[in-house]
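Work through the exercises below with the sequence and the structure in view. Try each task before reading its solution.

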Amino acid sequence: MPELQNELQKEFELERMILFSDAVFAIAITLLVLEVKFPKLPDDASTSELQHLFKPVIIRVLAFVISFFFIGIMWAKHLKVFKYLRSYNSTIIALNLIFLFFIVCFPFTVSGFSENTHTHISLPLFLYVCNIAFVSIAKAVLCYYLFRKDSSYTVPGFATEKKYLLLESVWTAVAFIIVVLIMVVVYKIFPENPFYIIYGIYALPLMMIIIRRKLKKFKPLKIKVSHHI
């Protein structure tokens, strides 16, 4: 009987940690949309003036859409990782909180990116990409701890699925680290033209294609697991 109570207590505490994580994702996405504000339209505004007024809004909407889907993808991946979790310790809590910290930083970096266009876009854009990179790194570290360093806190078996999630996390983090390094190098080469750092992002689609091809041989046919403590 005491063992059953301990198991139920562990399951309850684990569910609280997962629900807390879900709430953080939901709040971060909600805060993103608050940065998208409809401009005040003068009654006598011309078509060209309306286009000028809506240009910043379009940039904010674009930043919101990109960030919304990125956070949504991270939530889905977080869900896939945590469905293998059967217990936890203080290290898992700390790593999860670090990951969530960088998630909730998105409204700040998105506002900096969307509010500063043209000549002042280089630093906000760099911080925004760094935010994405830190999220990816934090997720990779969490996966490494759960699936490689100490897998006793996960359900037994499912080695192929766990390996796939780990490799996907690590290689994605490496891809964003490379993008950040390219942006730094470009800025060092062209300090008088800081806008050029945007070209570092062009390397990302190519690296993502390479990662997807490399992961094909590791991808399991079906990732399915029942959550049991």
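The model is predicted, so local features need pLDDT of at least 70 and side-chain atom pairs count only at pLDDT 80 or more, while totals for chains, interfaces and linings use all residues. Residues are numbered from 1 along each chain as its sequence is written, and side-chain values use heavy atoms, with hydrogens and water left out.

**Exercise 1. The chain**

Task: Find how many helices and strands the chain has.

Solution: Helices (H or I, at least four residues) and strands (E, at least two) are DSSP runs, numbered from the N terminus. The chain has seven helices and zero strands. Along the sequence this reads α-α-α-α-α-α-α.

Next, take contacts (heavy atoms within 4.5 Å). Among those in the chain with a separation of 6 or more, 80% join residues 24 or more positions apart.

**Exercise 2. The largest pocket**

Task: Determine which helix gives the most to the lining of the largest pocket.

Solution: Start with the terms. On a 1 Å grid over the protein atoms alone, a pocket is an open set of points with protein on both sides within 12 Å along at least five of seven lines; a cavity is a set where a 1.4 Å probe fits but cannot get out; lining residues have an atom within 4 Å of a point. Grid points are joined across faces, edges and corners, and a volume is the space filled by probe spheres set on the points.

The largest pocket holds about 1,000 Å³. It is lined by 35 residues, and Phe70, Ile73, Phe176, Leu204 and Met208 are the closest to its centre. At least two lining residues come from each of α2 (47–82), α5 (122–149), α6 (159–189) and α7 (203–215). The helix that gives the most is α2, with 10 residues.

Last, sort the lining by class: Ala, Val, Leu, Ile, Met, Phe, Trp, Tyr, Cys and Pro count as nonpolar, Asp, Glu, Lys and Arg as charged, and the others, Gly among them, as polar.

**Exercise 3. The cavity**

Task: List the residues that line the largest cavity.

Solution: The whole structure has one cavity of 30 Å³ or more, and the volume of the largest cavity is about 30 Å³. Its lining consists of Lys77, His78, Val81, Phe82, Phe99, Lys139, Leu142 and Cys143. Helix α2 gives the most to this lining, with four residues. By class, five are nonpolar, one is polar and two are charged.

**Exercise 4. Asn131**

Task: Decide whether Asn131 is buried or exposed.

Solution: Buried means under 20% relative accessible area, exposed over 50%, and partly exposed in between (1.4 Å probe, protein chains only). Asn131, in helix α5, has 4% relative accessibility and therefore counts as buried. Beyond its neighbours within four places in sequence, Asn131 is in contact with Phe102, Cys105, Phe106 and Thr109.

**Exercise 5. Aromatic rings**

Task: Classify the aromatic pair formed by Phe64 and Phe68.

Solution: Rings of Phe, Tyr and Trp (its six-membered ring) pair if their centres lie within 6.5 Å; planes under 30 degrees apart are stacked, over 60 edge-to-face and the rest tilted. The structure holds 10 aromatic pairs. For Phe64 and Phe68 the centres are 5.8 Å apart with 50 degrees between the planes, a tilted pair. Both lie in helix α2, four residues apart, about one turn of the helix. Phe64 is buried at 19% relative accessible area, whereas Phe68 is partly exposed at 32%.
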